[in-house]
Amino acid sequence: AGCGNVFPHSRREMDVSQWEQIISKLHPYIKGLRITGGEPTLHPQFSILIRQIDRLNVPFVLFTNGNWSHAETIINLLNGCTNLKGILISLHGNNPDTYAKFTGVNAYEKVIENIRLACSAGLRVATNTLLLSTTFNKIPEIANQALSVGVANCSFGRYYGPVLQDLSPSDVQLKQA
């Protein structure tokens, strides 16, 4: 429900050759890349795309929900990148219930474990939490949970998108946060 990518888009995936054409045309102008989505790790050719991007010799970061079924595969791929500057993982709650209320999935424990695994593997990980009616007063708990598993930074920010029933914070809650 809370994906910040509110722009309409096709459900059709672009294949590696299409991405390669776009990236090769833009390469002379690229100073850095943010790989995001939807969820980029779900792209069927994610590993090929990441290797292509890494070969550009341009710094990049990966924005992800961290809900990886094959965490070890993703972590090993990213650890092999010389130009990856970090991973930003969404952490929208301090417990399974608040996380699921926003994301619609019961993956809190899995995401926390994947964050811990990525940090333990030496990847630079930061978390991003949206300020919601369920998180505005839980900033210390969320930050402590993230820091306890090894993240480098925790960021908190406003949600931009359609109003979310029972999740959009009031102005008072935003000021309190």
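User: What makes Trp19, Ile22 and Leu26 a nonpolar patch on the surface?

Analyst: In this predicted model, Trp19, Ile22 and Leu26 together have about 250 Å² of accessible area. A patch is made of residues with over 30% relative accessible area and no salt bridge, and nonpolar side chains are joined within 5 Å. Ile22, which lies in helix H1 (residues 16-26), has 33% relative accessibility, a value over the 30% that a patch requires.

User: Why is Ile22 called partly exposed?

Analyst: The term covers values between the limit for buried, under 20%, and the limit for exposed, over 50%. Because Ile22 stands at 33%, it counts as partly exposed.

User: How do you know whether Gln52 is buried or exposed?

Analyst: Gln52, a residue of helix H2, has a relative accessibility of 11%, and since buried means under 20%, Gln52 counts as buried. Not counting residues up to four places away in sequence, Gln52 touches Val16 and Glu20.

User: Why is Asn57 called exposed?

Analyst: The relative accessibility of Asn57 is 59%, and exposed means over 50%, so Asn57 counts as exposed. Its place is in the loop between helix H2 (46-55) and strand E2 (60-64), and its phi is near 60°, a positive value in a residue other than glycine.

User: What makes Asp166 exposed?

Analyst: Asp166 has a relative accessible area of 53%, which is over the 50% limit, and Asp166 is therefore exposed. This residue is found in the loop between strand E5 (153-158) and helix H7 (171-176), and its phi, near 65°, is again a positive value in a residue other than glycine.

User: How do you know that the span of helix H5 agrees with its 13 residues?

Analyst: The expected span is 1.5 Å times one less than the number of residues, so the 13 residues of H5 (residues 108-120) should span 18 Å, and the end C-alpha atoms are 18 Å apart, which agrees.

User: Which residues of H5 are buried, and what puts them on the same side?

Analyst: The buried residues of H5 are Tyr108, Val111, Ile112, Asn114, Ile115, Ala118 and Cys119. They cover an arc of only 160° around the axis, and therefore they lie on the same side of H5. An α-helix has 3.6 residues a turn, so residues three or four places apart point the same way. On the other side of H5, Glu109 and Ser120 are exposed.

User: What covers the buried residues of H5?

Analyst: The cover includes H3, strand E3 (84-90), helix H4 (96-103), E4 and helix H6 (139-148). After H5 comes Gly122, whose phi is positive, near 95°.

User: Why is Ala71 called buried, and which residues is it in contact with?

Analyst: Ala71 has a relative accessible area of 9%, and because buried means under 20%, Ala71 is buried. Ala71 belongs to helix H3 (residues 71-79) and, leaving aside its neighbours within four places in sequence, is in contact with Asn114 and Leu117.

User: What makes Leu130 buried, and how many residues separate it from Phe156 in sequence?

Analyst: With a relative accessible area of 11%, under the 20% limit, Leu130 is buried. Leu130 lies in strand E4 (residues 125-131); Phe156 is 26 residues apart from Leu130 in sequence, while their C-alpha atoms are 5.6 Å apart in space.

Note on methods: Residues are numbered from 1 along each chain as its sequence is written. This is a predicted model: local features need pLDDT of at least 70, side-chain atom pairs count only at pLDDT 80 or more; totals for chains, interfaces and linings use all residues. Side-chain values use heavy atoms; hydrogens and water are left out. Helices (H or I, at least four residues) and strands (E, at least two) are DSSP runs, numbered from the N terminus. Buried means under 20% relative accessible area, exposed over 50%, partly exposed in between (1.4 Å probe, protein chains only). Contact means heavy atoms within 4.5 Å. Patches are made of residues with over 30% relative accessible area and no salt bridge: like charges are joined within 9 Å, nonpolar side chains (Val, Leu, Ile, Met, Phe, Trp, Tyr) within 5 Å. Accessible areas come from the Shrake-Rupley method with a 1.4 Å probe; for residues, only the protein chains shown count as cover. A salt bridge is a side-chain nitrogen of Lys or Arg within 4 Å of a carboxyl oxygen of Asp or Glu. The arc is that of the directions from the helix axis to the C-beta atoms.
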